[in-house]
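Please work through each task before reading its solution.

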Amino acid sequence: MYKGVLTDIREDGKAVIEARLDAGMLVHRKVKEVYIDPIDSRPLSDKQRRMCYALIKAIADWSGSSSEDVKQAFKMEFWAEQIDTLADKIFSLSNAPMSLVAEFQRFLVKFIIENDVPLNFPLIGYVDDIAHYTYMCVIHRKCAVCGRRAELHHVDAVGMGNDRDKVQHLGREVISLCRAHHTEMHTLGKQGFCGKYHLDGGVTADRTILKIYGLKR
């Protein structure tokens, strides 16, 4: 992993990035392509910071630990998972780049969903990545609106009279909703429902989702 600097964005849309690399290694390995991970340098907003602390407090209340202990433990675990990009420092919620804190926020949300951490606020209001949150809700059978136990809902309806065992589920747009919110989506329609609850829609049903819900490909 090398770190470079964006020095110019040309009129044709191509970016110029300068980095000090091991030229001998590049030649020996016949390197032709590289991956680039842009670092968001925008300052962290107070809102995003407050959202992270609210998630940390919820986990602390659930686990019986202090918020400070939970924060430090989760930062270390997150650091271990992201060691390729965080190897040179332990980040701080006071001055980390927005993209890094957004990733940490997704890390906290994932833990809360996977472990049924009780909340006194709707989780969707504390989510930075709606698509990731929606997918995690589907995987763990959680209602994307209220967090209650849910079943899979086809956003693009299968249709009356069609045999669900013979329908191609792979690639369809799906979302997990409890019975009440499933009914409400049928009443309001996709656009009205997603607008009301600030959802981007469903997610694409992949093989993992089909396996979890016992649906045929």
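**Exercise 1.** Determine in which element T134 is placed, whether T134 is buried or exposed, and which residues T134 touches.

*Solution.* Step one: T134 belongs to helix α6, residues 130–139; helices (H or I, at least four residues) and strands (E, at least two) are DSSP runs numbered from the N terminus. The model is predicted: local features need pLDDT of at least 70 and side-chain atom pairs count only at pLDDT 80 or more, while totals for chains, interfaces and linings use all residues. Residues are numbered from 1 along each chain as its sequence is written, and side-chain values use heavy atoms, with hydrogens and water left out.

Step two: the relative accessible area of T134 is 1%, so T134 is buried (buried is under 20%, exposed over 50%, partly exposed in between, with a 1.4 Å probe and protein chains only).

Step three: leaving aside residues up to four places away in sequence, T134 touches I175, L199, G201, G202 and V203, where contact means heavy atoms within 4.5 Å.

**Exercise 2.** Classify the packing of helix α2 with helix α5 and characterise the contact.

*Solution.* Step one: α2 (residues 46–63) and α5 (residues 98–114) pack at about 25°, with axes 10 Å apart. Axes are lines fitted to C-alpha atoms, for helices over the stretch in contact, and angles run from 0 to 180 degrees between N-to-C directions.

Step two: the two helices are therefore roughly parallel (under 35 degrees; over 145 is roughly antiparallel, 65 to 115 roughly perpendicular and the rest oblique).

Step three: residues making the contact include M51, L55 and W62 of α2 and F104, L108 and F111 of α5. The contact residues divide into 14 nonpolar, two polar and no charged. Here Ala, Val, Leu, Ile, Met, Phe, Trp, Tyr, Cys and Pro count as nonpolar, Asp, Glu, Lys and Arg as charged, and the others, Gly among them, as polar.

**Exercise 3.** Classify the packing of helix α3 with α5.

*Solution.* Step one: α3 (residues 67–81) packs with α5 at about 110°, with axes 11 Å apart. Step two: α3 is therefore roughly perpendicular to α5. Step three: the contact residues include K75 and E77 of α3 and E103 of α5, and the contact divides into seven nonpolar, no polar and four charged residues.
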